[in-house]
Amino acid sequence: MAIQASGTLLDMSVLAMLAREDLYGYLLTQNATTLLGVSESTVYPIMRRLQTEECLDVYDVPYSGRNRRYYSITESGRRRLREYTAQWQDFKETIDNILGGAENDGE
Amino acid sequence: MTANEYLSQLQHALRVLPEDEQRAALEYYEEYLSDAGDDGVSSLGTPHDVAGRIIAEYAAKPDDESGKKRSLRTAWIVIGAVFASPIALPIAIAIAAVAFAVVISLVAVFVSLGVSAVALAASGVACIVVGLWVVLQSPAVTLFVVGGGMVALGIGLLLAKAVVITSRTSFRVVARIVGKFVIRRSAE
């Protein structure tokens, strides 16, 4: 993918995945890497930051003799996701307009 | 590399972070490697790269901290990273010594240039005063001396301004070079 999700877009994507369902670290990382094409090592720092910013909560679930740490979105995480989603809509429209304009010029 | 070897290398690379940050990252990657199975280690990239990203994100943490506090924290992480490495310590001392020497010589050069500029401007002022003093006796001498004084004053002020500007820029450049060097060393 030539266009890479980074920064706020990654935060937004992680929050959106967790808004749908709680996920444990490996699964969340796998989802992010397969869907967004980012490397495995980018995901943990984002989750850690969102966690310290109290957008995410964690809880442990026993799984075959060890624990799996699940991540869930908090209320302030949802609030932030809503803000990002609104900003993303604006941004998307702007880019769409630019692309649409370029197409018309090309005809 | 086994998962345990990977985790111990990761722990080593993360040691500049606060303890709770280290523990959280290690717990996460321990669980990750258990879930990932055999090819987990190879898919992750080197412990060094993984740690680098964690440290970078930690150092850049933007929320509710003033920029000053954040850069202070980044500086501490960099300093910690330099001094945590046994090889880097003598290098850090050498860099500090060189930087100190450079700064001292720059200060000497700029102070002497600054003093010359001030002296030139002061002599210009003196010439103008003396020139005006003799205006009744000899207007021609007044013109000559006051003119010369103004030239000296002008050159002195220009030189002073130039010294201020160049000293500021060169200290900034030195700071940037030293900073870059330190960060690159600590990233190795």
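In what order do the elements of chain A run from the N terminus on? They run α-β-α-α-β-β-α. That comes to 4 helices and 3 strands. Here, helices (H or I, at least four residues) and strands (E, at least two) are DSSP runs, numbered from the N terminus.

A quick word on the model. It is predicted: local features need pLDDT of at least 70, side-chain atom pairs count only at pLDDT 80 or more, and totals for chains, interfaces and linings use all residues. Residues are numbered from 1 along each chain as its sequence is written, while chains are lettered from A and ligands numbered from 1 in the order in which they are written.

Now, chain A as a whole. It has 107 residues, and 25% of them are buried. Buried means 20 or more other C-beta atoms within 10 Å of the residue's own; exposed means 12 or fewer; partly exposed is in between, with C-beta atoms placed from the backbone. Next, contacts. Two residues are in contact if their C-beta atoms, placed from the backbone, lie within 7 Å. Take the contacts in chain A with a separation of 6 or more: 51% come from residues 24 or more positions apart.

Next, a helix pair. Two packed helices are described by the angle between their axes and the distance between the axes. In chain A, α1 (residues 8–20) packs against α3 (residues 40–52) at about 75°, with the axes 10 Å apart. That makes α1(A) roughly perpendicular to α3(A). Axes are lines fitted to C-alpha atoms, for helices over the stretch in contact, and angles run from 0 to 180 degrees between N-to-C directions. Under 35 degrees is roughly parallel, over 145 roughly antiparallel, 65 to 115 roughly perpendicular, and the rest oblique.

Which residues meet? From α1(A), Leu10(A), Asp11(A) and Val14(A); from α3(A), Thr42(A), Ile46(A), Met47(A) and Leu50(A).

On to the loops. Most residues other than glycine have a negative phi. Glu54(A) has a positive phi, near 60°. Glu54(A) sits in the loop between α3 and β2 (56–63) of chain A. Glu54(A) counts as partly exposed because it has 13 C-beta neighbours inside 10 Å. Ser64(A) also has a positive phi, near 35°. Its loop joins β2 and β3 (66–73) of chain A. Is Ser64(A) buried or exposed? Exposed, because it has 6 C-beta neighbours inside 10 Å.

Last, the partner chain. The contact takes 15 residues from chain A and 18 residues from chain B. On the chain B side, α2(B) gives the most, with 8 residues.
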